[in-house]
Amino acid sequence: MNTALITDLLDGAIAARQELMESRHESAFRLFNGFSEGCPTLVIDIYGSTALLNDYTELAAAPVSLIQTVCHHLKTRLPWIRVILLKTRNGKTEAEKRGVILSGTGCNRRVKEHGLWYAVDLCLNRDASLYLDTRNLRQWATRSLKGKTVLNTFAYTGSLGVAALAGGAARVVQLDLNREFMNLAEESYALNHLPNIKANIRTGDFWPEVNQMKREGERFDCVFLDPPIFSATPKGVVDLAADSARLINKIRPLINDGGILVAINNALFLSGKAYLDTLTALCADGCLKIIELIPVPPDCTGYPQTMVGAPVTDPAPFNHATKIALLEVRRKT
């Protein structure tokens with residue numbers, strides 16, 4: 001890409017996001033979504049005063065000149081950025097995928113969102129330990145789950161559960177296969193002075209863990225279902241593009257009558273209509289009802305004045321490939 005063009009695109013993105021750049025630089029947001037804003041190999045996220053460059057070039061790293069231009073422009077336009085970190089998503093080494101610091105030292109270890117602190121480890125894995133596209137859902141959890149019992153499946157670093165507990169949830173169970181991810185959830189508890197009940201941190205495979213909870217007679221008022229696009233273990237396969245209904249049916253018996261199932265599907269090549277059709281079919285027996293679609297924040301989607309071209313797959317009636325639906329559960333008597 002022409003270096004003059006990328007600086008023009010960045011200038012437009014920065015101008016559109018001025019209101020997100022608070023004076024203490026403690027928040028997290030997407031500064032540039034290249035997929036929708038004109039450079040589909042580059043996404044730039046801000047975590048506090050750390051700029052995270054995600055290079056999505058398919059067969060090789062982005063040209064050095066492009067990355068150098070971006071780094072120089074960020075430091076010129078946003079002098080409060082202390083650290084620039086580059087993740088080469090299709091890098092040859094694990095270190096490249098996890099992230100290499102290009103400028104500065106010491107990435108931010110926490111960010112503030114809607115008054116809550118979230119512990120982050122930006123080099124934890126290929127992802128950055130806090131998903132920015134579910135920011136509105138975390139706000140919903142804080143506002144809506146007071147006094148409720150909550151299960152957060154595929155919890156990753158537990159941010160949805162942290163938001164629910166901070167909002168006064170009576171009990172939050174976090175479930176993930178990876179204990180290292182759950183350690184960050186516990187750090188977030190400590191940052192917000194929230195109770196950390198060890199029995200409510202469950203590490204294990206989704207499929208047998210859900211079966212065990214059914215045997216234990218567990219029921220929850222709200223369940224978050226935010227799985228990866230695809231994963232396979234000896235116990236089961238997750239494939240959001242081909243079969244999200246199976247996961248929903250698997251978890252539904254753990255939800256109280258009148259409870260909420262938060263179903264998230266971020267399969268890029270699954271259209272919004274196709275996902276809505278799946279949910280509508282599941283609602284046909286009257287045991288589920290779609291009550292709300294939670295939008296992804298505009299810094300993640302791109303703004304009307306910054307968007308270039310059309311998305312790979314039409315997300316409508318959702319506004320992004322991360323498709324978030326709230327489903328009310330009715331149990332058969």
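## Close-up views

**View 1. Helices H5 and H6 are roughly parallel to each other.** The model shown here and in every other view is predicted. Helix H5 covers residues 135–144, and helix H6 covers residues 159–166. Their axes come within 6 Å and cross at roughly 30 degrees. The crossing of H5 and H6 is right-handed. On the H5 side, the contact is made by Leu137, Arg138, Ala141 and Thr142. On the H6 side, Ser159, Leu160, Ala163 and Ala164 take part.

**View 2. Helix H1 crosses helix H3 with right-handed geometry.** H1 spans residues 3–16, and H3 spans residues 64–77. The two axes come within 10 Å. They cross at roughly 40 degrees. From H1, the residues that meet H3 are Thr3, Ile6, Thr7, Leu10, Asp11 and Ile14. Their partners in H3 are Ser65, Leu66, Thr69, Val70, His73 and Arg77.

**View 3. Tyr131, Tyr156 and Phe181 form one aromatic cluster.** The count of aromatic pairs comes to seven. In one of them, the rings of Tyr156 and Phe181 have centres 4.8 Å apart and planes at 80 degrees, so this pair is edge-to-face. Tyr156 lies in the loop between strand S8 (149–153) and helix H6, while Phe181 belongs to helix H7 (residues 179–191). The pair therefore ties together parts that are 25 residues apart in sequence. Tyr156 is buried, at 8% relative accessible area. Phe181 is buried as well, at 13%.

**View 4. Phe206 and Trp207 make an edge-to-face pair.** Their ring centres lie 5.1 Å apart. Their planes stand at 85 degrees, so the pair counts as edge-to-face. Phe206 is buried, with a relative accessibility of 5%. Trp207 is buried too, with a relative accessible area of 6%.

**View 5. Two arginines lie over aromatic faces.** Arg110 lies over the face of Trp117, at 3.9 Å from the ring centre. Arg138 lies over the face of Tyr118, at 5.7 Å from the ring centre.

**View 6. Arg30 is a buried residue of strand S1.** The strand runs over residues 28–33. Relative accessibility is 17% for Arg30; the limit for a buried residue is under 20%, so Arg30 counts as buried. Arg30 and Ile46 are 16 residues apart in sequence, yet 6.0 Å apart in space, C-alpha to C-alpha. Leaving aside neighbours within four places in sequence, Arg30 is in contact with Arg17, Val43, Ile44, Asp45, Leu132, Arg135, Asp299 and Cys300.

**View 7. Leu85 is buried in strand S4.** S4 covers residues 83–88. Leu85 has a relative accessibility of 0%. Leu85 and Thr50 are 35 residues apart in sequence. In space, their C-alpha atoms are 7.3 Å apart. Beyond its neighbours within four places in sequence, Leu85 is in contact with Ala51, Leu52, Leu53, Gly99, Val100, Ile101, Cys107, Leu122 and Cys123.

Definitions and conventions. Residues numbered from 1 in each chain as written. Predicted model: local features only at pLDDT ≥ 70, side-chain atom pairs only at ≥ 80, totals over all residues. Heavy atoms only, no water. Phe/Tyr/Trp six-rings, centres within 6.5 Å; stacked < 30°, edge-to-face > 60°. Helix = DSSP H or I, 4+ residues; strand = E, 2+ residues; numbered from the N terminus. Buried < 20%, exposed > 50% of the residue type's maximum accessible area, 1.4 Å probe, protein only. Lys NZ or Arg CZ within 6 Å of the ring centre and 35° of its normal. Axes fitted to C-alpha atoms, helices over the stretch in contact; angles between N-to-C directions. Parallel < 35°, antiparallel > 145°, perpendicular 65-115°, else oblique. Left-handed = near helix turned anticlockwise from the far one by under 90°. Contact = heavy atoms within 4.5 Å.
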